[in-house]
Amino acid sequence: MTNDQIGRMFGLIATGLELDGGNPFRIRAYQEAARIIESHPEPMANIAAQPGKLEAIKGIGKDLAQKIRDIVTTGTTPMYEEVCGKYPAEVLALTSIPGLGPKRVKVLFETLGVRNRADLEVAAAAGRVRALPKFGAAVEQNIMKALAATAATHEDARTLLAAVWVTAHDLAGFVRKVPGVTAVEIAGSFRRRRETVGDLDLLATGGDAAAVMDAFTTHPYVAMVLGKGDTKSSVRLANGMQVDLRRVPPESYGAALLYFTGSKAHNIALRRIAIDKGWSLNEYGLTGNGAVVAGRTEEDIYRALGMAWIPPELREASGEIEHAIEGTLPRLIEVSDLRADLHVHTNRTDGSLPLDGMVRAARDLGYSYMAITDHSKALAMARGFDAARVRQSVEEIAAVRKEVPGIKVLHGLEVDILADGTLDLDDDTLALLDWVIVSLHSRLDQPADQATARVLRAISHPAVHAMGHPTGRRIGVREPAKFDCEQVFTLAAERGVAMEINAQPDRTDLSDVNAKLAREKGVRFVIDTDAHSLRDYSFMQYGVFSARRAWLEPQHVLNALPFGKFEAWRKARRRSK
(Lines give C-alpha, C1' and ligand atoms only; values in the text may rest on other atoms or scores of the structure.)
Protein backbone atom coordinates (compact mmCIF):
# COMPACT_ATOMS: atom_id res chain seq x y z
CA MET A 1 0.00 0.00 0.00
CA THR A 2 1.18 3.51 -0.77
CA ASN A 3 1.71 6.21 1.83
CA ASP A 4 -1.28 8.10 0.40
CA GLN A 5 -3.53 5.05 0.89
CA ILE A 6 -2.32 4.47 4.45
CA GLY A 7 -2.64 8.16 5.29
CA ARG A 8 -6.17 8.23 3.88
CA MET A 9 -7.14 5.35 6.20
CA PHE A 10 -5.81 7.26 9.20
CA GLY A 11 -7.76 10.31 8.07
CA LEU A 12 -10.95 8.26 7.88
CA ILE A 13 -10.32 6.92 11.39
CA ALA A 14 -10.05 10.52 12.60
CA THR A 15 -13.30 11.41 10.84
CA GLY A 16 -15.06 8.41 12.40
CA LEU A 17 -13.90 9.50 15.84
CA GLU A 18 -15.27 12.99 15.10
CA LEU A 19 -18.65 11.54 14.18
CA ASP A 20 -18.64 9.74 17.53
CA GLY A 21 -17.74 12.93 19.39
CA GLY A 22 -14.41 11.41 20.41
CA ASN A 23 -11.55 12.90 22.37
CA PRO A 24 -10.22 15.94 20.44
CA PHE A 25 -6.61 15.11 21.28
CA ARG A 26 -7.03 11.57 19.95
CA ILE A 27 -8.69 12.87 16.79
CA ARG A 28 -5.86 15.32 16.27
CA ALA A 29 -3.29 12.55 16.72
CA TYR A 30 -4.80 10.56 13.86
CA GLN A 31 -5.10 13.65 11.67
CA GLU A 32 -1.46 14.51 12.29
CA ALA A 33 -0.42 10.90 11.66
CA ALA A 34 -2.25 11.00 8.31
CA ARG A 35 -0.33 14.13 7.33
CA ILE A 36 3.01 12.67 8.43
CA ILE A 37 2.45 9.39 6.59
CA GLU A 38 1.33 11.03 3.34
CA SER A 39 4.32 13.40 3.30
CA HIS A 40 6.99 10.92 4.43
CA PRO A 41 9.68 10.43 1.76
CA GLU A 42 10.07 6.69 2.33
CA PRO A 43 7.28 4.18 1.66
CA MET A 44 5.82 2.88 4.91
CA ALA A 45 5.78 -0.55 3.28
CA ASN A 46 9.58 -0.46 3.06
CA ILE A 47 10.30 0.52 6.65
CA ALA A 48 7.49 -1.16 8.59
CA ALA A 49 9.50 -4.36 9.04
CA GLN A 50 12.54 -2.52 10.45
CA PRO A 51 12.35 -2.53 14.26
CA GLY A 52 11.93 0.91 15.76
CA LYS A 53 12.07 2.82 12.47
CA LEU A 54 8.39 3.79 12.46
CA GLU A 55 8.53 4.80 16.11
CA ALA A 56 11.51 7.04 15.32
CA ILE A 57 9.32 9.22 13.09
CA LYS A 58 8.24 12.31 15.02
CA GLY A 59 4.51 12.10 15.74
CA ILE A 60 4.28 8.32 15.29
CA GLY A 61 4.21 6.56 18.64
CA LYS A 62 4.10 2.86 19.43
CA ASP A 63 0.32 2.51 19.00
CA LEU A 64 0.19 4.32 15.66
CA ALA A 65 3.26 2.44 14.43
CA GLN A 66 1.55 -0.87 15.11
CA LYS A 67 -1.50 0.25 13.14
CA ILE A 68 0.74 1.15 10.20
CA ARG A 69 2.31 -2.32 10.37
CA ASP A 70 -1.15 -3.88 10.46
CA ILE A 71 -2.17 -2.01 7.32
CA VAL A 72 1.07 -2.80 5.50
CA THR A 73 0.81 -6.53 6.23
CA THR A 74 -2.95 -7.12 6.11
CA GLY A 75 -4.42 -4.12 4.28
CA THR A 76 -6.35 -2.97 7.32
CA THR A 77 -6.20 -2.48 11.10
CA PRO A 78 -8.79 -3.27 13.82
CA MET A 79 -9.38 0.42 14.55
CA TYR A 80 -10.21 1.10 10.90
CA GLU A 81 -12.51 -1.92 10.80
CA GLU A 82 -14.25 -0.71 13.96
CA VAL A 83 -14.84 2.76 12.51
CA CYS A 84 -16.04 1.40 9.16
CA GLY A 85 -18.30 -1.02 11.01
CA LYS A 86 -20.18 1.99 12.33
CA TYR A 87 -19.76 4.31 9.35
CA PRO A 88 -18.96 3.04 5.84
CA ALA A 89 -15.99 4.73 4.19
CA GLU A 90 -18.31 6.51 1.75
CA VAL A 91 -20.18 8.04 4.69
CA LEU A 92 -16.93 9.29 6.18
CA ALA A 93 -15.97 10.77 2.82
CA LEU A 94 -19.10 12.95 2.86
CA THR A 95 -17.41 15.23 5.40
CA SER A 96 -15.22 16.54 2.55
CA ILE A 97 -18.26 18.16 0.92
CA PRO A 98 -18.35 21.89 1.72
CA GLY A 99 -20.91 22.63 4.44
CA LEU A 100 -21.06 19.07 5.77
CA GLY A 101 -19.21 18.61 9.02
CA PRO A 102 -19.20 15.40 11.07
CA LYS A 103 -22.30 16.32 13.05
CA ARG A 104 -24.45 16.89 9.99
CA VAL A 105 -23.14 13.78 8.25
CA LYS A 106 -24.04 11.71 11.31
CA VAL A 107 -27.58 13.10 11.29
CA LEU A 108 -27.96 12.35 7.58
CA PHE A 109 -26.66 8.83 8.08
CA GLU A 110 -28.73 7.96 11.13
CA THR A 111 -31.94 9.78 10.18
CA LEU A 112 -32.16 9.46 6.40
CA GLY A 113 -29.90 6.46 5.87
CA VAL A 114 -27.55 8.46 3.61
CA ARG A 115 -24.55 6.22 2.88
CA ASN A 116 -22.91 7.92 -0.09
CA ARG A 117 -23.08 10.90 -2.46
CA ALA A 118 -25.83 9.35 -4.55
CA ASP A 119 -28.05 8.86 -1.49
CA LEU A 120 -27.42 12.44 -0.42
CA GLU A 121 -28.24 13.81 -3.87
CA VAL A 122 -31.54 11.89 -3.94
CA ALA A 123 -32.49 13.02 -0.42
CA ALA A 124 -31.69 16.67 -1.15
CA ALA A 125 -33.55 16.63 -4.49
CA ALA A 126 -36.60 15.17 -2.74
CA GLY A 127 -36.59 17.95 -0.13
CA ARG A 128 -35.99 15.54 2.77
CA VAL A 129 -32.80 17.26 3.99
CA ARG A 130 -34.50 20.57 4.76
CA ALA A 131 -36.88 18.82 7.14
CA LEU A 132 -34.07 17.76 9.47
CA PRO A 133 -33.48 19.76 12.69
CA LYS A 134 -30.97 22.60 12.20
CA PHE A 135 -30.78 22.04 8.42
CA GLY A 136 -33.53 23.96 6.59
CA ALA A 137 -33.99 24.97 2.96
CA ALA A 138 -30.83 27.10 2.75
CA VAL A 139 -28.61 24.25 3.94
CA GLU A 140 -30.29 21.85 1.53
CA GLN A 141 -29.69 24.24 -1.38
CA ASN A 142 -26.05 24.70 -0.36
CA ILE A 143 -25.58 20.93 -0.24
CA MET A 144 -27.03 20.55 -3.72
CA LYS A 145 -24.72 23.27 -5.03
CA ALA A 146 -21.71 21.65 -3.32
CA LEU A 147 -22.58 18.27 -4.84
CA ALA A 148 -22.76 19.83 -8.30
CA ALA A 149 -19.59 21.81 -7.79
CA THR A 150 -17.57 18.79 -6.67
CA ALA A 151 -19.05 16.30 -9.12
CA ALA A 152 -15.99 16.34 -11.35
CA THR A 153 -13.46 16.28 -8.52
CA HIS A 154 -14.96 14.23 -5.70
CA GLU A 155 -12.47 11.42 -6.28
CA ASP A 156 -9.67 13.74 -5.11
CA ALA A 157 -8.75 14.62 -8.69
CA ARG A 158 -6.11 17.33 -8.82
CA THR A 159 -4.62 19.34 -11.64
CA LEU A 160 -0.98 20.19 -12.24
CA LEU A 161 -0.11 23.67 -11.01
CA ALA A 162 1.33 24.49 -14.43
CA ALA A 163 -1.91 23.47 -16.14
CA VAL A 164 -3.91 26.13 -14.28
CA TRP A 165 -1.20 28.80 -14.03
CA VAL A 166 -2.33 30.91 -16.99
CA THR A 167 -6.04 30.40 -16.27
CA ALA A 168 -5.68 31.48 -12.65
CA HIS A 169 -3.73 34.62 -13.54
CA ASP A 170 -6.11 35.49 -16.36
CA LEU A 171 -9.08 35.30 -13.98
CA ALA A 172 -7.30 37.35 -11.32
CA GLY A 173 -6.21 39.91 -13.90
CA PHE A 174 -9.76 40.23 -15.24
CA VAL A 175 -11.13 41.01 -11.77
CA ARG A 176 -8.21 43.33 -11.05
CA LYS A 177 -9.29 45.57 -13.97
CA VAL A 178 -12.67 46.31 -12.38
CA PRO A 179 -12.68 50.00 -11.36
CA GLY A 180 -11.97 50.48 -7.68
CA VAL A 181 -10.47 47.02 -7.07
CA THR A 182 -7.25 47.51 -5.12
CA ALA A 183 -5.98 43.94 -4.69
CA VAL A 184 -6.60 40.45 -6.03
CA GLU A 185 -4.72 37.35 -4.93
CA ILE A 186 -4.92 33.66 -5.82
CA ALA A 187 -4.93 31.84 -2.48
CA GLY A 188 -5.14 28.18 -1.45
CA SER A 189 -2.71 25.47 -2.47
CA PHE A 190 -2.00 27.51 -5.61
CA ARG A 191 -0.38 30.22 -3.52
CA ARG A 192 1.51 27.63 -1.49
CA ARG A 193 2.81 26.38 -4.86
CA ARG A 194 1.84 22.77 -4.37
CA GLU A 195 2.59 20.73 -7.48
CA THR A 196 -1.14 20.05 -7.98
CA VAL A 197 -4.30 21.94 -7.04
CA GLY A 198 -7.87 20.80 -6.50
CA ASP A 199 -9.65 24.10 -7.10
CA LEU A 200 -8.92 27.82 -7.13
CA ASP A 201 -9.64 30.45 -4.47
CA LEU A 202 -9.48 34.14 -5.40
CA LEU A 203 -9.66 37.02 -2.94
CA ALA A 204 -10.42 40.60 -3.92
CA THR A 205 -10.91 43.86 -2.11
CA GLY A 206 -12.29 47.19 -3.29
CA GLY A 207 -14.61 48.00 -6.15
CA ASP A 208 -18.37 47.79 -6.41
CA ALA A 209 -19.63 44.39 -5.30
CA ALA A 210 -21.98 43.89 -8.24
CA ALA A 211 -19.35 44.95 -10.78
CA VAL A 212 -16.74 42.64 -9.29
CA MET A 213 -19.02 39.62 -9.27
CA ASP A 214 -20.40 40.37 -12.73
CA ALA A 215 -16.88 40.48 -14.15
CA PHE A 216 -15.93 37.23 -12.48
CA THR A 217 -19.03 35.25 -13.40
CA THR A 218 -19.05 36.40 -17.04
CA HIS A 219 -15.42 35.60 -17.82
CA PRO A 220 -15.13 33.53 -21.04
CA TYR A 221 -13.61 30.63 -19.09
CA VAL A 222 -16.79 30.22 -17.02
CA ALA A 223 -19.05 27.35 -18.09
CA MET A 224 -21.51 27.45 -15.16
CA VAL A 225 -22.32 29.82 -12.32
CA LEU A 226 -22.80 27.78 -9.15
CA GLY A 227 -23.63 30.69 -6.89
CA LYS A 228 -23.45 34.47 -6.94
CA GLY A 229 -23.58 36.99 -4.13
CA ASP A 230 -22.05 40.26 -2.92
CA THR A 231 -19.28 38.59 -0.90
CA LYS A 232 -18.82 35.24 -2.64
CA SER A 233 -19.40 33.73 -6.06
CA SER A 234 -18.57 30.25 -7.32
CA VAL A 235 -18.20 29.09 -10.90
CA ARG A 236 -17.30 25.95 -12.81
CA LEU A 237 -14.82 26.41 -15.66
CA ALA A 238 -15.02 24.60 -18.95
CA ASN A 239 -12.23 22.27 -17.74
CA GLY A 240 -14.39 21.20 -14.77
CA MET A 241 -12.47 23.12 -12.12
CA GLN A 242 -14.35 25.11 -9.49
CA VAL A 243 -13.23 28.65 -8.75
CA ASP A 244 -14.46 30.71 -5.79
CA LEU A 245 -14.10 34.47 -5.55
CA ARG A 246 -14.48 36.15 -2.20
CA ARG A 247 -14.72 39.91 -1.88
CA VAL A 248 -13.58 41.12 1.52
CA PRO A 249 -13.26 44.57 3.11
CA PRO A 250 -9.77 46.10 3.18
CA GLU A 251 -9.54 45.85 6.96
CA SER A 252 -9.95 42.05 6.73
CA TYR A 253 -8.01 41.39 3.53
CA GLY A 254 -4.83 40.18 5.23
CA ALA A 255 -6.75 37.91 7.60
CA ALA A 256 -8.77 36.43 4.74
CA LEU A 257 -5.67 35.92 2.62
CA LEU A 258 -3.95 34.16 5.51
CA TYR A 259 -6.96 31.95 6.21
CA PHE A 260 -7.70 30.93 2.63
CA THR A 261 -4.04 30.35 1.77
CA GLY A 262 -3.75 27.69 4.47
CA SER A 263 -2.62 25.10 5.07
CA LYS A 264 -5.25 23.99 7.56
CA ALA A 265 -2.58 22.74 9.95
CA HIS A 266 -0.69 26.05 9.74
CA ASN A 267 -3.87 28.02 10.46
CA ILE A 268 -4.71 25.83 13.46
CA ALA A 269 -1.24 26.41 14.89
CA LEU A 270 -1.61 30.18 14.50
CA ARG A 271 -5.03 30.12 16.15
CA ARG A 272 -3.57 28.30 19.16
CA ILE A 273 -0.96 31.04 19.56
CA ALA A 274 -3.68 33.68 19.34
CA ILE A 275 -5.76 31.87 21.96
CA ASP A 276 -2.73 31.69 24.28
CA LYS A 277 -2.57 35.48 24.05
CA GLY A 278 -6.26 35.80 24.84
CA TRP A 279 -7.15 36.65 21.24
CA SER A 280 -9.18 35.15 18.44
CA LEU A 281 -8.01 34.63 14.85
CA ASN A 282 -10.26 33.91 11.89
CA GLU A 283 -10.76 35.07 8.30
CA TYR A 284 -12.14 38.39 9.53
CA GLY A 285 -9.18 39.42 11.65
CA LEU A 286 -7.16 39.02 14.83
CA THR A 287 -9.25 40.37 17.70
CA GLY A 288 -9.01 40.67 21.46
CA ASN A 289 -11.12 42.31 24.17
CA GLY A 290 -13.64 43.42 21.57
CA ALA A 291 -11.03 45.29 19.51
CA VAL A 292 -9.27 44.50 16.23
CA VAL A 293 -5.59 43.78 16.81
CA ALA A 294 -4.68 43.21 13.15
CA GLY A 295 -6.26 42.16 9.89
CA ARG A 296 -5.38 44.52 7.05
CA THR A 297 -2.20 42.64 6.03
CA GLU A 298 -0.68 39.25 6.73
CA GLU A 299 2.46 40.96 7.96
CA ASP A 300 0.45 42.80 10.63
CA ILE A 301 -1.05 39.55 11.90
CA TYR A 302 2.22 37.63 12.02
CA ARG A 303 3.90 40.58 13.75
CA ALA A 304 1.16 40.79 16.38
CA LEU A 305 1.58 37.07 17.04
CA GLY A 306 5.29 37.60 17.64
CA MET A 307 6.82 36.27 14.47
CA ALA A 308 8.10 37.15 11.02
CA TRP A 309 5.93 36.88 7.92
CA ILE A 310 6.12 33.32 6.59
CA PRO A 311 6.38 32.66 2.83
CA PRO A 312 3.29 30.76 1.66
CA GLU A 313 5.36 27.81 0.39
CA LEU A 314 6.44 27.03 3.96
CA ARG A 315 2.98 27.11 5.56
CA GLU A 316 2.61 23.38 6.16
CA ALA A 317 3.08 23.18 9.97
CA SER A 318 6.51 21.66 9.49
CA GLY A 319 8.59 23.91 11.75
CA GLU A 320 8.07 27.23 9.99
CA ILE A 321 6.27 28.85 12.93
CA GLU A 322 9.07 28.08 15.37
CA HIS A 323 11.61 29.54 12.93
CA ALA A 324 9.44 32.62 12.40
CA ILE A 325 9.29 33.22 16.15
CA GLU A 326 13.06 32.79 16.46
CA GLY A 327 13.76 34.94 13.41
CA THR A 328 15.56 32.11 11.62
CA LEU A 329 13.44 31.59 8.50
CA PRO A 330 15.53 30.83 5.42
CA ARG A 331 16.05 33.26 2.53
CA LEU A 332 14.39 31.01 -0.02
CA ILE A 333 15.80 30.47 -3.50
CA GLU A 334 14.25 32.54 -6.32
CA VAL A 335 14.31 32.14 -10.10
CA SER A 336 16.46 35.27 -10.31
CA ASP A 337 19.16 33.52 -8.24
CA LEU A 338 19.80 30.92 -10.94
CA ARG A 339 22.72 31.58 -13.30
CA ALA A 340 22.52 28.42 -15.40
CA ASP A 341 20.42 25.57 -16.70
CA LEU A 342 22.42 22.35 -16.50
CA HIS A 343 20.05 19.91 -18.23
CA VAL A 344 19.28 20.86 -21.85
CA HIS A 345 18.60 18.73 -24.94
CA THR A 346 18.99 19.53 -28.65
CA ASN A 347 17.77 17.97 -31.89
CA ARG A 348 20.91 15.90 -31.93
CA THR A 349 18.82 13.51 -29.81
CA ASP A 350 15.18 14.18 -28.88
CA GLY A 351 15.13 17.99 -28.63
CA SER A 352 13.38 20.21 -31.15
CA LEU A 353 16.07 22.82 -31.83
CA PRO A 354 19.69 22.70 -32.99
CA LEU A 355 22.57 23.18 -30.62
CA ASP A 356 23.19 26.84 -31.43
CA GLY A 357 19.49 27.68 -31.01
CA MET A 358 19.28 26.25 -27.49
CA VAL A 359 22.53 27.97 -26.49
CA ARG A 360 21.42 31.36 -27.84
CA ALA A 361 18.08 31.07 -26.05
CA ALA A 362 19.80 30.31 -22.73
CA ARG A 363 22.12 33.28 -23.18
CA ASP A 364 19.19 35.55 -24.04
CA LEU A 365 17.45 34.49 -20.84
CA GLY A 366 20.42 35.92 -18.95
CA TYR A 367 22.19 32.70 -18.00
CA SER A 368 25.96 33.06 -17.75
CA TYR A 369 26.61 29.34 -18.27
CA MET A 370 24.75 26.17 -19.22
CA ALA A 371 25.22 22.46 -19.92
CA ILE A 372 24.15 20.66 -23.08
CA THR A 373 23.08 17.18 -21.96
CA ASP A 374 21.77 15.06 -24.80
CA HIS A 375 21.01 11.39 -24.16
CA SER A 376 23.33 8.39 -24.11
CA LYS A 377 22.83 5.35 -26.36
CA ALA A 378 20.50 3.34 -24.09
CA LEU A 379 17.66 5.59 -25.25
CA ALA A 380 17.72 4.30 -28.81
CA MET A 381 14.43 6.00 -29.72
CA ALA A 382 16.04 9.33 -28.79
CA ARG A 383 19.09 8.57 -30.97
CA GLY A 384 21.28 8.57 -27.89
CA PHE A 385 25.05 9.04 -28.15
CA ASP A 386 27.56 6.21 -28.29
CA ALA A 387 31.31 6.75 -27.75
CA ALA A 388 31.94 7.86 -31.33
CA ARG A 389 29.06 10.34 -31.19
CA VAL A 390 30.42 11.82 -27.94
CA ARG A 391 33.81 12.38 -29.61
CA GLN A 392 32.06 14.15 -32.47
CA SER A 393 30.12 16.22 -29.93
CA VAL A 394 33.37 17.53 -28.45
CA GLU A 395 34.01 19.34 -31.73
CA GLU A 396 30.39 20.56 -32.00
CA ILE A 397 30.51 22.09 -28.53
CA ALA A 398 33.85 23.76 -29.29
CA ALA A 399 32.32 25.28 -32.43
CA VAL A 400 29.19 26.63 -30.69
CA ARG A 401 31.35 28.22 -27.98
CA LYS A 402 32.92 30.36 -30.71
CA GLU A 403 29.68 30.92 -32.60
CA VAL A 404 27.63 32.06 -29.56
CA PRO A 405 29.65 34.33 -27.28
CA GLY A 406 28.45 35.62 -23.94
CA ILE A 407 27.72 32.29 -22.28
CA LYS A 408 29.91 29.43 -21.04
CA VAL A 409 28.83 26.08 -22.50
CA LEU A 410 29.62 22.84 -20.66
CA HIS A 411 29.85 19.69 -22.72
CA GLY A 412 27.55 17.35 -20.81
CA LEU A 413 25.47 14.24 -21.31
CA GLU A 414 22.48 12.65 -19.63
CA VAL A 415 23.80 9.14 -19.13
CA ASP A 416 21.46 6.24 -18.48
CA ILE A 417 21.77 4.17 -15.32
CA LEU A 418 21.52 0.59 -16.53
CA ALA A 419 19.55 -2.08 -14.66
CA ASP A 420 22.57 -3.20 -12.62
CA GLY A 421 23.72 0.32 -11.73
CA THR A 422 26.52 0.55 -14.31
CA LEU A 423 26.59 3.55 -16.64
CA ASP A 424 25.74 3.53 -20.31
CA LEU A 425 29.18 4.69 -21.49
CA ASP A 426 32.75 3.60 -20.74
CA ASP A 427 35.09 5.58 -18.50
CA ASP A 428 37.25 6.93 -21.33
CA THR A 429 34.17 8.40 -23.02
CA LEU A 430 32.84 9.86 -19.77
CA ALA A 431 36.22 11.56 -19.28
CA LEU A 432 35.54 13.66 -22.41
CA LEU A 433 32.62 15.36 -20.69
CA ASP A 434 32.55 18.46 -18.47
CA TRP A 435 29.25 17.53 -16.86
CA VAL A 436 27.73 14.08 -16.30
CA ILE A 437 24.16 13.80 -15.14
CA VAL A 438 22.87 10.25 -14.66
CA SER A 439 19.22 9.25 -14.83
CA LEU A 440 16.81 6.33 -14.54
CA HIS A 441 14.78 5.82 -17.70
CA SER A 442 13.98 2.11 -17.56
CA ARG A 443 13.16 -0.70 -15.14
CA LEU A 444 11.58 1.73 -12.69
CA ASP A 445 9.55 -1.14 -11.23
CA GLN A 446 12.52 -2.90 -9.63
CA PRO A 447 12.07 -4.08 -6.01
CA ALA A 448 13.29 -1.61 -3.40
CA ASP A 449 16.49 -3.43 -2.46
CA GLN A 450 17.48 -3.90 -6.11
CA ALA A 451 16.60 -0.31 -7.03
CA THR A 452 18.56 1.02 -4.05
CA ALA A 453 21.66 -0.99 -4.92
CA ARG A 454 21.36 0.17 -8.54
CA VAL A 455 21.29 3.87 -7.67
CA LEU A 456 23.99 3.60 -5.01
CA ARG A 457 26.31 1.96 -7.53
CA ALA A 458 25.61 4.60 -10.16
CA ILE A 459 26.25 7.64 -7.97
CA SER A 460 29.43 6.01 -6.65
CA HIS A 461 30.99 6.30 -10.12
CA PRO A 462 33.70 9.00 -9.97
CA ALA A 463 32.55 10.68 -13.22
CA VAL A 464 29.06 11.53 -11.95
CA HIS A 465 28.23 15.13 -11.01
CA ALA A 466 24.46 14.95 -10.55
CA MET A 467 21.45 12.66 -10.71
CA GLY A 468 18.63 13.83 -12.98
CA HIS A 469 14.91 13.56 -12.08
CA PRO A 470 16.06 11.08 -9.41
CA THR A 471 12.92 9.03 -8.72
CA GLY A 472 11.69 8.98 -12.32
CA ARG A 473 8.12 9.79 -11.34
CA ARG A 474 5.47 11.31 -13.57
CA ILE A 475 2.77 12.90 -11.43
CA GLY A 476 -0.49 11.02 -11.78
CA VAL A 477 1.00 8.74 -14.43
CA ARG A 478 3.99 6.85 -13.08
CA GLU A 479 4.98 6.02 -9.51
CA PRO A 480 8.52 6.88 -8.35
CA ALA A 481 11.22 4.25 -8.27
CA LYS A 482 11.26 2.42 -4.96
CA PHE A 483 14.82 3.03 -3.82
CA ASP A 484 15.68 3.95 -0.23
CA CYS A 485 15.93 7.74 -0.39
CA GLU A 486 17.71 8.02 2.94
CA GLN A 487 20.54 5.71 1.85
CA VAL A 488 20.86 7.37 -1.55
CA PHE A 489 20.91 10.91 -0.16
CA THR A 490 23.42 9.98 2.52
CA LEU A 491 25.82 8.58 -0.08
CA ALA A 492 25.19 11.50 -2.46
CA ALA A 493 26.22 13.92 0.28
CA GLU A 494 29.36 11.89 1.01
CA ARG A 495 30.30 11.62 -2.68
CA GLY A 496 29.44 15.22 -3.55
CA VAL A 497 26.83 14.18 -6.10
CA ALA A 498 24.10 16.77 -6.59
CA MET A 499 20.43 15.86 -6.77
CA GLU A 500 18.37 17.53 -9.45
CA ILE A 501 15.03 19.19 -8.98
CA ASN A 502 13.68 18.72 -12.47
CA ALA A 503 11.35 21.59 -13.33
CA GLN A 504 9.21 19.75 -15.89
CA PRO A 505 5.75 20.33 -14.36
CA ASP A 506 4.72 16.67 -14.50
CA ARG A 507 7.95 15.68 -12.76
CA THR A 508 9.08 18.31 -10.22
CA ASP A 509 11.43 15.53 -9.22
CA LEU A 510 12.80 15.59 -6.59
CA SER A 511 9.52 16.37 -4.90
CA ASP A 512 9.49 18.97 -2.14
CA VAL A 513 9.34 16.22 0.50
CA ASN A 514 12.34 14.33 -0.89
CA ALA A 515 14.30 17.52 -1.54
CA LYS A 516 13.83 18.52 2.10
CA LEU A 517 15.12 15.14 3.25
CA ALA A 518 18.10 15.44 0.89
CA ARG A 519 18.87 18.92 2.22
CA GLU A 520 18.83 17.61 5.76
CA LYS A 521 21.38 14.98 4.70
CA GLY A 522 23.70 17.68 3.35
CA VAL A 523 23.07 17.14 -0.37
CA ARG A 524 23.69 19.94 -2.89
CA PHE A 525 21.17 20.56 -5.68
CA VAL A 526 20.76 21.69 -9.25
CA ILE A 527 17.44 23.06 -10.51
CA ASP A 528 17.06 22.38 -14.23
CA THR A 529 14.36 22.52 -16.90
CA ASP A 530 15.34 19.36 -18.82
CA ALA A 531 14.51 21.59 -21.79
CA HIS A 532 13.74 19.93 -25.12
CA SER A 533 12.39 23.16 -26.68
CA LEU A 534 12.40 26.91 -26.18
CA ARG A 535 9.09 26.72 -24.31
CA ASP A 536 10.58 24.35 -21.75
CA TYR A 537 12.97 27.03 -20.51
CA SER A 538 9.93 28.77 -19.01
CA PHE A 539 9.35 25.80 -16.69
CA MET A 540 12.21 26.80 -14.37
CA GLN A 541 9.79 28.44 -11.94
CA TYR A 542 8.12 25.11 -11.14
CA GLY A 543 11.43 23.62 -10.04
CA VAL A 544 12.05 26.69 -7.91
CA PHE A 545 8.61 26.35 -6.33
CA SER A 546 9.45 22.78 -5.26
CA ALA A 547 12.84 23.94 -3.97
CA ARG A 548 11.23 26.71 -1.93
CA ARG A 549 8.76 24.26 -0.39
CA ALA A 550 11.84 22.20 0.58
CA TRP A 551 13.34 25.23 2.38
CA LEU A 552 16.22 25.57 -0.09
CA GLU A 553 18.36 28.69 -0.06
CA PRO A 554 20.70 29.84 -2.85
CA GLN A 555 23.64 28.32 -0.99
CA HIS A 556 22.15 24.85 -1.46
CA VAL A 557 21.90 25.16 -5.25
CA LEU A 558 24.99 24.76 -7.43
CA ASN A 559 23.64 26.61 -10.45
CA ALA A 560 23.02 29.65 -8.26
CA LEU A 561 26.83 30.00 -8.05
CA PRO A 562 28.73 32.40 -10.31
CA PHE A 563 30.53 30.45 -13.03
CA GLY A 564 33.95 30.86 -11.41
CA LYS A 565 32.77 29.36 -8.13
CA PHE A 566 30.83 26.62 -9.92
CA GLU A 567 33.95 25.69 -11.90
CA ALA A 568 36.03 25.69 -8.72
CA TRP A 569 33.54 23.27 -7.16
CA ARG A 570 33.49 21.07 -10.27
CA LYS A 571 37.28 20.92 -10.59
CA ALA A 572 37.84 20.38 -6.88
CA ARG A 573 35.37 17.53 -6.94
CA ARG A 574 37.13 15.97 -9.92
CA ARG A 575 40.52 16.21 -8.18
CA SER A 576 39.06 14.57 -5.06
CA LYS A 577 37.96 11.44 -6.95
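Of the 577 residues of the protein, 53% are buried, meaning under 20% relative accessible area with a 1.4 Å probe and protein chains only. The model is predicted: local features need pLDDT of at least 70, side-chain atom pairs count only at pLDDT 80 or more, and totals for chains, interfaces and linings use all residues. Residues are numbered from 1 along each chain as its sequence is written, and side-chain values use heavy atoms, without hydrogens and water.

Now the overall form. The C-alpha atoms fill a box of roughly 80 × 60 × 45 Å along the principal axes.

The protein has 24 helices and 17 strands. These are DSSP runs numbered from the N terminus: helices are H or I with at least four residues, strands E with at least two.

Look at helix 1 (residues 3-19) and helix 5 (residues 78-86). Their axes, lines fitted to C-alpha atoms over the stretch in contact, lie 9 Å apart at an angle of about 50 degrees. From helix 1, M9, L12, I13, G16 and L17 meet M79, Y80 and V83 of helix 5. Contact means heavy atoms within 4.5 Å.

Finally, find A183 in strand 2 (residues 181-186). Beyond its neighbours within four places in sequence, A183 contacts L203, A204, T205 and Y253. The C-alpha atoms of A183 and F385 are separated by 52 Å.

Terms used
Axes fitted to C-alpha atoms, helices over the stretch in contact; angles between N-to-C directions. Buried < 20%, exposed > 50% of the residue type's maximum accessible area, 1.4 Å probe, protein only.
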